[in-house]
Amino acid sequence: MFDRMMFRQFLNGAFVVACGLATLIALGALILILWSLVQQGLGGLDLKVFTMTQPAPGSVGGLSNAIVGSIFMCAWAMIFALVVGVLAGTWLAEYGGDTPYGHVVRFLNDVLLSAPSILVGLFVYELLVRPFHGFSAWAGAVALAFLATPIVTRTTEDILNLQAGALREAGMALGASKSFVIRKIIWKSARAGLVTGGLLGFARISGETAPLLFTSLGNQFFSTDMSHPMASLPTTIFQFALSAYDDWRRLAWAGALLIAVAVLSINIIGRALARETRRA
Amino acid sequence: MGDMLFQAACFAAATLLMAALAGVVISLAIGGWPAFAKFGLGFLTSSEWNPVTEVYGAAGPIVGTLVTSFVSLAIALPLAIGVSVFLVEFCPRQIARPVAIAVELLAGIPSIVYGMWGLFVLAPWFAEHVQLPLIMNAEPGSWQDKIFSGVPNGANIFTASLILAIMILPYMAAVFRELFLTVPPQVREAAYGLGCTPFEVIRSIIIPYVRRGMVGVVMLGLGRALGETMAVTFIIGNSHAFPDSAFASGSTIASTIANEFTEATGEMHTAALIALGLVLFLITFSVLAVARALLSSQKY
């Protein structure tokens, strides 16, 4: 009897230690990654990174063309994604979510949410690059939009379902039409949540590399023309990191640090906003 | 009238989402058709991938994808369960919250960052401190020699799996934690009341309670690992040969597409890469479909 108890205690102790160790290993690995990112990235980070365009190996330069390209494509992608995602999420929450068709849409949206991004790149290549015989920033923006839309749809549906039914009834009782109630009352009261969905989508696409490789391609010059190839931060990092030049690699680390910081801060802002809404 | 228009717009947006997924399948099927038509089943079973002679067999990348994904899952799964159990059950609340938030934030770090770390930090370290000693100490012809053979540069199937594991770990740990938190406190307290140790509560009460959801999360993690491109492309070594040892360089479907697509030499090369994409889609789609079906039956 006593032995059995000892054995159970021992097993329990071993388990607690194992779980603690797992946490230490996991956090250790992630801290190592962040540490080398900061260590290697900070060295290459100065004003020139933001003001000068991509250098030839061995000369001075920065990443301004890539940064601006990323912002342009992500901004356009978010415009597409917000329009389609908010409308689709609204349909799921307010109109057809319980119909068989609604279930199919929700299921496929969830699949799309974690579909490999490189396949979205291939799809957009077939859709927009091959027929028009050329890589373009539009194609890149559309590829990113396909990745952000499911996230916006999902958060929109979730947040609209949280809005009080009494709000809808009150609007209807005043004689407003259903679409008026949704647009002027429900969307308004869910505003912070909708912004959070947008931010989460934005954070997801701003670091995406794979879908841009064969849609927007990359561009060593400064360009804001959406119908031509455009540089982006992730693809430039990819190209520079795999190069044999030390100064390109330094820029790649600086770029990686920039992206990581940007993504982390967008996520933190989104989270803070979400918490505000829940409290309100 | 405006009412109808608005509803129609919402409906159209929802349908567009479906059309997008259908479009992915159709465009991949059309684009990859020439390769399937020419090589038939050999496309899946042959491991000869040669753009010069225009012969394409994708067994190497397909096996590479499956091996790296499952190895990374085998590494990440116990760690993820350990982390989430620790955070939910054993950790003081004041520490658990910040750590949980940190883990969730890390799940959002772009994969290219993990890839760069793998290439510049992990690979050289691994080559010098693990791979070389192992190769040196293995007797020629012994089983160790076979398993550890490969170019000692740290870019191989095993390090790629390691990077993948580090990548999917925070994601899986975050969702596991959410799952464990859904277990009603009464169930837990009842078990403690019977005199169970924490380990027994977790093993016999909590894990069975969320079992379906856990399988769903595992499948989601697997789906991520299967489709992950950038982290792997940096470090897998990019060879199309059939991987013959743990430290052999290899390739995955995603890394092959990322590396070769813009430089494809001819129509057939492009078609073969798109056909590879279709194979990847079918694999991930089935995994994700199972995951979602399991998770939606367990609301968390």
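**Stop one: where the chains meet**

Select both chains and look at where they touch: 68 residues of chain A are in contact with 65 residues of chain B. Here, two residues are in contact if their C-beta atoms, placed from the backbone, lie within 7 Å. Now pick residues 2-44 of chain A, which form helix α1; this helix supplies the largest share of chain A's side, 18 residues. Colour that side by class and you'll get 47 nonpolar, 17 polar and four charged residues. For the colouring, Ala, Val, Leu, Ile, Met, Phe, Trp, Tyr, Cys and Pro count as nonpolar, Asp, Glu, Lys and Arg as charged, and the others, Gly among them, as polar.

A word on what you're looking at: this is a predicted model, where local features need pLDDT of at least 70, side-chain atom pairs count only at pLDDT 80 or more, and totals for chains, interfaces and linings use all residues. Residues are numbered from 1 along each chain as its sequence is written, while chains are lettered from A and ligands numbered from 1 in the order in which they are written.

**Stop two: chain A by itself**

Chain A has 12 helices and zero strands; helices (H or I, at least four residues) and strands (E, at least two) are DSSP runs, numbered from the N terminus. The C-alpha atoms of chain A fill a box of roughly 70 × 70 × 35 Å along the principal axes. Its radius of gyration is 24 Å, whereas a compact globule of 280 residues would have one near 19 Å (taken over C-alpha atoms; the globule rule is 2.2 Å times the number of residues to the power 0.38).

Seven residues of domain 1 are in contact with seven residues of domain 2. On the domain 1 side, that makes three nonpolar, four polar and no charged residues.

Zoom in on residues 233-241 of chain A. How many of the nine residues of helix α11 are buried? Eight are, including L233(A), F238(A) and F240(A). A residue is buried if 20 or more other C-beta atoms lie within 10 Å of its own, exposed if 12 or fewer, and partly exposed in between; C-beta atoms are placed from the backbone.

**Last stop: chain B**

Keep chain B on screen and count 13 helices and two strands. Its C-alpha trace spans about 75 × 70 × 30 Å along its principal axes, and 51% of its 300 residues are buried.

Finish at P184(B), in the loop between α7 (157-181) and α8 (185-193) of chain B. Why is P184(B) exposed? Because it has 9 other C-beta atoms within 10 Å. Draw a line from P184(B) to I206(B): they are 22 residues apart in sequence and 9.4 Å apart in space, C-alpha to C-alpha.
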